[in-house]
Structure formats: structure tokens, C-alpha cells
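Colleague: I am new to reading protein models. Could you walk me through this one?

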Amino acid sequence: MKITSVQAIYPDYKHVPPSWRTHFWQIVVRIEADNGFVGYGYGGGGQASVQVVNLHFRELLLGKSLETIQDIEQLWDNLYFESLPYGRKGIAVMALSGVDLALWDLLAKSENVPVYQLIGPRSKGDVKCYATGPDVDWYSEQGFKAHKFPHRWHGESDYEIAVQRANTARETMGPDSLIMIDTYMSWNYEVTVEMARILNDYDIYWFEDVLTPDELEGQSRLREHVKPTLISGGEHEFTQYGFEQIASNNALDLWQPDITWCGGITAGLRILGIALDYNIPVVPHRGGEVWGLHLIVSSHCDSLAEVLPGVKGQAKDILWIGEPQVIDGHISPTEEPGFGVTPNPKLMRV
Ligand SMILES: [Mg+2]
């Protein structure tokens with residue numbers, strides 16, 4: 001088949017938290033082929049990456065053949081190379097991610113198989129989910145057995161707050177559950193060492209994004225000081241080239257690439273190849289969404305998927321129709337062709 005149409009759209013979100021996400025949250029990429037099949041992808045970078053796709057990537061994709069995974073890899077390499085002067089990381093690669101996922105969706109639909117089958121033999125059934133967010137009571141009610149709570153550093157009183165939250169999480173979720181903490185780059189080296197000491201009784205599985213992605217050496221040194229808790233991160237790193245740097249610096253115990261930001265399934269598979277060489281576990285960021293989930297079930301990613309249920313009673317945008325639901329703390333991709341989802345027309349403004 002040949003690519004006949006490429007379009008990126010910034011959805012008309014109603015409930016995005018005010019932050020960089022207001023204008024630069026997730027985009028939808030729609031790619032159509034001359035056989036009538038349509039592929040949908042999900043990328044980051046918002047209004048800016050819509051411009052990257054519609055003004056630059058589109059002209060590089062129109063008329064190109066798509067028959068095999070190798071074709072997707074070649075298209076990926078070409079888009080990466082052509083955007084290199086303004087890209088390599090950040091918005092251009094977030095845009096590339098949306099295109100890559102739309103190409104995987106399109107190829108899988110044309111072969112009438114789910115994307116996970118195109119990736120490789122499926123190695124996992126149901127995947128255990130962990131719930132990220134502040135509403136631990138609600139997550140426990142829903143049957144989750146793993147939970148990650150956010151903790152942002154503001155000052156000294158945050159040591160006590162961290163202990164209280166860890167205690168609540170451990171008591172609510174139970175002794176056998178997984179408990180993790182995401183600091184969103186707000187701790188520093190000393191805070192992380194001290195947190196490891198005072199949270200020792202709560203058996204925290206990982207501390208996520210304790211430093212910024214540029215502080216690889218600091219994260220590498222921390223690994224020894226916080227054991228057995230793992231130093232995790234990677235949602236703000238991009239492509240196999242970025243993860244090669246993490247690997248060669250021994251910076252992280254566990255990698256969390258975001259498949260809709262790091263370069264799609266194509267980059268995800270290349271990152272997994274590096275992880276295998278270095279014996280690093282991989283738990284994709286937001287892995288309970290179909291884009292990460294299809295990769296998880298057909299690769300050596302850990303059998304653990306992040307979902308963000310929000311807070312009980314709070315309104316949410318439902319962008320994708322057809323997403324699999326979490327049942328009893330577990331999730332499994334549907335057997336629909338492609339990723340099995342279509343964008344909600346109510347949120348699509350063209
Ligand atoms: Mg995070």
C-alpha cells in the first residue's frame with residue numbers, strides 16, 4: 001500500500017491539568033493508505049508537534065510504500081534524520097512517535113492482526129497494573145495490588161509527608177503490594193538518600209525521576225545508596241540514542257520509556273534491545289494504554305503496566321474509544337486489528 005494522507009490533530013481537551021500540558025499534551029495522528037485503511041497514532045508535543053507532522057513529516061511520507069516492519073523502520077530513520085537539525089529529543093520525537101504508532105496501526109490493520117502479533121509472539125496474558133495517583137483508597141477498592149503515589153519536594157516538612165503517605169499506601173494496599181513513589185524530578189541527591197533511610201520500613205519498589213534526565217551521573221551514584229529501592233526513570237528521554245547514554249552511564253535500575261514520546265514502537269523495540277544487553281528491566285510509562293500495552297505483551301518488558309485512574313468522581317477526557325479496561329487489577333489488549341482504538345469524534349477539532 002502507499003500512503004495517501006497524513007494529518008495530525010490536537011484534540012479539544014476539556015480536562016487537561018493546567019501546565020505545559022495545556023497546549024503541548026497528546027496529539028492524534030491519522031495516516032491513510034491507497035487501499036482505504038486508516039492508521040491512528042498517539043504522540044506528544046501538542047500544538048507544536050502538530051506543526052511538525054503537518055508541515056514537515058507529511059511531505060516526507062506521502063506516496064511512500066508500507067508493506068513490512070522494515071518499511072516502518074526506514075521511514076522512522078528518514079524522519080529522524082530529516083528533523084535532526086531541530087529534533088533528536090523533545091517535540092520532534094514526540095511527533096515522530098505519533099507517526100510511528102499510526103504506521104504500526106495501519107500495517108497491522110492491513111494484515112488484519114493486532115499490533116502485538118506484528119511485534120512478535122505474544123509472551124504474556126493479562127498484565128498486572130499499577131495505579132498512579134493520589135486516591136489510594138479508590139485504587140484498592142478497584143482491586144489494584146500495586147500503586148505509585150506522587151511526591152513533590154517543597155521543603156523540610158516533605159520528609160514527614162512522604163512517611164505518612166508511604167504508611168497510608170502500605171496499610172491500604174497490603175503487605176504484598178508494590179508501592180512506588182514518583183518525585184517528578186523534584187528531589188535532589190541528598191533528599192533521595194535521606195528518603196531511602198526514613199522510608200526503609202515501607203519496602204518502596206522504586207523512586208521515579210528523583211533528578212532531572214540530564215543528571216545521569218548523580219542517578220548512577222544514588223543506585224548504591226538507596227538499595228533495595230530502585231532508581232527508575234526514562235519517561236523524559238528519547239530514542240535508542242538517549243537510552244544508550246543512560247545505559248553507558250549506569251544511570252538507572254529500571255527504564256520507563258513513554259512509547260508515545262520516545263519514538264513509538266520502533267524506538268521502543270530498539271530501546272528494549274539495549275536494555276537486554278545491559279540486563280535492565282523495562283516498565284513503559286503509561287504502559288496500560290494500548291500503545292505501551294501491545295509492546296509489553298510481545299516483548300521482554302516486565303509484566304507491569306501503569307494506569308492513571310485519576311480521582312474518584314473527577315471528570316476525565318475519554319480520547320480513545322475501544323481501550324481495554326482494567327479488571328481486578330489486570331489488563332489485556334483486545335484482539336481487534338491494529339491497536340484496536342479510534343479517536344473520540346467529540347474531542348476531534350479539525
Ligand atoms: Mg513519572
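Modeller: Gladly! Helix 4 (residues 91–110) lies across strand 1, strand 2 and strand 3, running at about 150° to strand 3. Helices (H or I, at least four residues) and strands (E, at least two) are DSSP runs, numbered from the N terminus. Axes are lines fitted to C-alpha atoms, for helices over the stretch in contact, and angles run from 0 to 180 degrees between N-to-C directions. This is a predicted model, where local features need pLDDT of at least 70 and side-chain atom pairs count only at pLDDT 80 or more, while totals for chains, interfaces and linings use all residues. Residues are numbered from 1 along each chain as its sequence is written.

Colleague: In the open sheet of three strands, what is the strand order?

Modeller: The pairing in this sheet is antiparallel; two strands pair if DSSP finds at least two bridges between them. Strand 1 (3–9) and strand 3 (38–43) are the edge strands, each pairing on one side only. The order is therefore 1-2-3.

Colleague: Which element gives the most residues to the side of domain 1 that touches domain 2?

Modeller: The chain is divided into domain 1 (3–113) and domain 2 (119–334), with bounds from an automatic or database domain assignment. In all, 20 residues of domain 1 are in contact (C-beta atoms, placed from the backbone, within 7 Å) with 15 residues of domain 2. Strand 3, helix 3 (69–82) and helix 4 each give two or more residues to this side of domain 1. With eight residues, the one that gives the most is helix 4.

Colleague: Is strand 7 largely enclosed or open, and why?

Modeller: A residue is buried if 20 or more other C-beta atoms lie within 10 Å of its own, exposed if 12 or fewer, and partly exposed in between, with C-beta atoms placed from the backbone. Five of the five residues of strand 7 (residues 204–208) are buried, so this strand is largely enclosed.

Colleague: Which residue in strand 8 is the bridge partner of Phe207?

Modeller: Phe207 of strand 7 also has Ile181 opposite. Strand 7 and strand 8 (residues 230–233) run parallel, joined by three bridges. In strand 8, the partner of Phe207 is Ile231.

Definitions and conventions:
Two residues are in contact if their C-beta atoms, placed from the backbone, lie within 7 Å.
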